[in-house]
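Dear colleague,

Please find below the structure that I am handing over to you. My notes on its salt bridges follow.

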Amino acid sequence: MTKRGFRLNGITVVPGKGLGKAFFVGRAIEQASTVSISRQDVGDQIMRFNEIREKAKGDYRKLLEKAESESSLDASILNIYEHILDDPAFIGQVVETISTKLYDLETSIRLVSSDFIKRFNSAGTSYFRERSGDMVEICEKLIAYVDLDEGRMKEFIEPVVLVVSRTFTPSDILKYNKDMIQAVITTSGGKTSHAAILARSYSIPVVSGISNLSSYIHPGDVVYVDADKGVVQVRPSSSLTGKIGKAPATDAQLEALRKKWDRPVYTRDGIHIEVLANISLPEDVDQATRYCADGIGLVRTEYLLSNRNTFPSEDAQFEYYTTIFQKMKGKHSIVRLMDIGGDKIPEFFDMPFEQNPFMGWRAIRIFLERKEMFKEQLRALIRAGKKHNYSIMVPMVTTLEEWLQAKDVIAETASEMNVTVPQLGVLFEVPLAILEMDTFMKAIDFASIGTNDLIQYLSAADRNNAKVNYLYNPIEPAFLKIIRIAIETANSHGKPVSICGEMAGNPYHTLLLTGLGLRKFSVVPRNIPIVKEIISHINYAEASENVSHAEAIISTNEMQTWLKNLNKRMLGDTLTKLPVTADV
Ligand code: PEP
Ligand code: MG
């Protein structure tokens, strides 16, 4: 008899609904599925086990050296990891599981690790109980290498709900075939975390803020996620599952809007507003053209480095940029240099341990130290950009000096290639830079505002942390004042300015941002026709006049009510008729 179902409450990160079987990621040992191999593959699997053990040991040794020089980590723990990886009992059991039970390497590592963990947990001393946590770490590390070595994407053959018992990261989605991922449940992860941004662009609902997931959900449990309400139903009743399914009206409506908006959009009083696409993966370009992007406002090129164990060659990068430019057929694209760091650290990148990665060595800060790596990206980009309509944007700029140095490197690369320097812009996402925007104006060709990072840095609320999500609020009065000043500064200098943070793609903010003077929105492709539809109902002059009254509002709650009323008053029932879910 199946156990009765129950409900868990979390926080909406990406709205929507999904039903599937629970699949645990990130805590490798919790996954129960087993994969068999044939006898002739045994030798190969054992050889690979030894290879990945050496790689893992190499990683820990590097960390150990760093820990010893920086006193940043407890070095003794790293010695223990190495010890376990060399433990003849552990090695022997994995080898035996592969050769006698004929399980593949991944399954064998999971089974043996689980067995060790059970034994550690049942031991009487706290020393051994602590070792069970070490075993989880080692198991995850080894399995990450199994995946990486195979360079494979895991193919689900049935709909799954990903269960992530820690902070949700982009690779949790990138490792799998996305079409089978119906929803994600995670312990931590905010609405604008990079993983949430990816999930949103693939319409994967996400609920966050549920701890101890493995004590409620077991691998293979049927789970229904209603992310609109932030609710997870574990083992739902058949009467509920029978009713679940995508609302066909939503797709049909979106399809109709998509066809309608294969053209530029103007406000009711004739102001042209551009609605551009944010893209991350090569296949997103097709989404951008499908959803009628007026151009691309942000290419997150660092995703080129996902699931790889080496830096992509100049030629591979050249091909990627060429594909984008060709598919955009003359429409303009803004390509952002790799924003490495924070929660986006490529497997192969030798990143020092950081206490606060989002405040650490990231983007332009890495660029200015690892110029050769970025020059390779620049060469590929500039070569691909010949005869195409594109610009280059630099992320995480803090000071003008930093920006001038970056510009010099870009100019030097272009001159070495005998090519004129393309248009260059700054992604304003660090508070200091946005407050100094006026000073930057003479030195840039265009600006974009990265509200995702800007909000987290201004409010000291980690964008990945669901617990402090209540402080992470794009309609905070002081934040809106900064956005207004930023747009006005760029406009007064005649420099194009866009917003490419998630705020721009939220249909509940379209009217507000138009009223603040924004004329370039860069959003997830799926939302382009929705944002265009809303813009077509706006009178620009009236929106400016009405939004200017927001200056007098001093509290977030008041702003929220005011915005709801404004949307209703100026847009009537437009928002309620569109395929969007409440997400103010
Ligand atoms: C931002 O910070 O708003 C932005 C667009 O960059 P990312 O989300 O990639 O950090
Ligand atoms: Mg950013």
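The side chains of Glu274 and Lys520 form a salt bridge, with an N to O distance of 2.8 Å; the term denotes a side-chain nitrogen of Lys or Arg within 4 Å of a carboxyl oxygen of Asp or Glu. Because Glu274 belongs to strand β10 (residues 272–279) and Lys520 to strand β17 (residues 520–523), this pair ties together parts that are 246 residues apart in sequence. Strands (E, at least two residues) and helices (H or I, at least four) are DSSP runs, numbered from the N terminus.

This is a predicted model, in which local features need pLDDT of at least 70 and side-chain atom pairs count only at pLDDT 80 or more, while totals for chains, interfaces and linings use all residues. Residues are numbered from 1 along each chain as its sequence is written, chains are lettered from A and ligands numbered from 1 in the order in which they are written, and side-chain values use heavy atoms, leaving out hydrogens and water.

A further salt bridge joins Arg383 to Asp315, with the closest N and O atoms 2.8 Å apart. Arg383 lies in helix α14 (residues 371–385) and Asp315 in helix α12 (residues 314–327), so the pair links parts 68 residues apart in sequence.

Lys229 and Asp226 also form a salt bridge, at 3.6 Å between the closest N and O atoms. Lys229 is exposed at 64% relative accessible area, whereas Asp226 is buried at 8% (buried means under 20%, exposed over 50%, partly exposed in between, with a 1.4 Å probe and protein chains only).

Finally, Glu302, Arg336, Asp339, Lys344, Arg362, Asp453 and Arg463 are linked in a salt-bridge network. The count of salt bridges comes to 35.

Yours sincerely
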